[in-house]
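Good morning. I will take you through one structure, and I will keep to a few places in it. Please have a look at it first.

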Amino acid sequence: MTTALLSGTPRTKLWTGSVIDIDVHANVPSIESLFPYMEPVWVQATEERGWHGPTGPRYSYPPGATTTARPEWRHDGEEPASKLRMLQTDLLDPWNVEKAIVNCYYGIDSLRHPDWAPALARAVNDWIIAEWLDKDPRLSASLVIPARDPLAAAAEIDRVGSHPGFVQVMLPVRSERLYGQRIFYPIYEAATRNDLVVGLQWGGTTEDAPSPTGYSSYYAEEYAAETQLYLAQLTSMVFEGTFQKFPTLRVAVMEGGFTWVPMWGWSMNKKWKGLRRETPWVDRLPFEIVRDHIRFSVAPSDLGTVEQSKRIVDWLGSDDLLMFATDYPHRHDDQLEKLLEVVPASMAPKLMSETARSWYRL
């Protein structure tokens, strides 16, 4: 079956080849839905405290915001993207998706309890296996971790990282420390040990302002400024030498777009040429390191005119950097038709499926 989806255009009108969607979300419908996967002590703690789960997701994805879910992907009385049948009928079946990577941002990092946060990560990962991966072979997934505790995060990666359905470790883009710093090495050691991609995803709950300098007044302001966090995290990883320390590390950037990548890469190259004596382990142009180790989802694409967009794609300097994503159920502009128009013909199959197939070993 082929039905209208993006821009009201049937999938086969836009693309007839394989589709691998690297960013579809699964939302935990309630804390009670995790009880079968949670140790009794944490079920008891949840009930005694009247706790309803982490608040982080509601800050990153306000339930009523138009960006949180497309109207056609909202279901009466139910949390969007909280059931497998929603994903199947909304996206997988009508778009004949070959593979999709499920990402569940549940705000584990917003829980400060040093034992409860790892326990909640275990419950969410076991829920993903039982309720999503075991029920549809088209799905792979990111595993969640207590990101503010790298040792506990590494233990969780080693606990479930060998499951064939997990292909990625999710890191929320907001954190209290930059991800290039050595405190996060246990996460990268565990990810590379299990041959998993590290995926930077929208979200995160920190003690500090969700911007490089101060609190925003409005959600729209915070939403528009989120790109700064991706730049800060990736720049940290490049200049701290993360990819020299872990030469097999693969990173994916989701929900951050890509139109800023050429200018960011150009700026890093320029600064590195004048200041590289300070970081001698950065042994080549930073943008070359990016091309070797980082891939970007195309949602939100934020494209300009066709000519402007062609120039941006050309400045990427590689056919291999972009991977298709709908960011289901979130609402972004439908620009896939334009994107397929501006990329070279040699790049289109890589964009829609083949780069993801290679990056995630699918």
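Helices (H or I, at least four residues) and strands (E, at least two) are DSSP runs, numbered from the N terminus.

Before I go on, a word on the source. This is a predicted model, where local features need pLDDT of at least 70, side-chain atom pairs count only at pLDDT 80 or more, and totals for chains, interfaces and linings use all residues. Residues are numbered from 1 along each chain as its sequence is written, and side-chain values use heavy atoms, with hydrogens and water left out.

Back to Ser18. The cut-offs are under 20% relative accessible area for buried, over 50% for exposed, and partly exposed in between, with a 1.4 Å probe and protein chains only. Leaving out residues up to four places away in sequence, Ser18 touches Arg11, Glu98, Met352, Ser353 and Arg357; contact means heavy atoms within 4.5 Å. With Glu98 there is also a side-chain polar contact of 3.3 Å. A polar contact is a pair of N or O atoms within 3.5 Å; within protein, one must be able to donate a hydrogen and the other to accept it, and residues adjacent in sequence count only if both atoms are side-chain atoms.

Now the sheet. Eight strands form an open sheet, in the order S1-S2-S3-S4-S5-S6-S7-S8, with parallel pairing. Two strands pair if DSSP finds at least two bridges between them. At the edges are strand S1 (20-25) and strand S8 (322-323), each of which pairs on one side only.

Let us look at S3. Strand S2 (residues 99-103) is joined to strand S3 (residues 139-143) by three bridges, and Ala100 has Leu139 as its bridge partner in S3. Another three bridges join S3 to strand S4 (residues 166-172), where Leu143 stands opposite Val169. Why is S3 described as largely enclosed by the rest of the structure? Because five of the five residues of S3 are buried. Leu139, Ala141 and Leu143 cover one side, and Ser140 and Ser142 are on the other. From S2 the chain crosses through H5 to S3, in a right-handed β-α-β crossover. Right-handed means that, with the strands pointing away from the viewer, the path from the first strand over the helix to the second runs clockwise. S3, helix H6 (residues 150-160) and S4 also make a right-handed β-α-β unit.

Last, the core. A nonpolar core is a set of buried Ala, Val, Leu, Ile, Met, Phe, Trp, Tyr and Cys residues joined through side-chain atoms within 4.5 Å. The largest one here has 108 residues, and Leu34, Tyr188, Phe258 and Phe296 have the most contacts inside it. Helix H5 (residues 116-131) gives the largest share of this core, 10 residues. A second, separate core has 13 residues, among them Ile20 and Val167.

Which residues does Phe258 contact, beyond its neighbours within four places in sequence? They include Phe296, Ile312 and Leu339.
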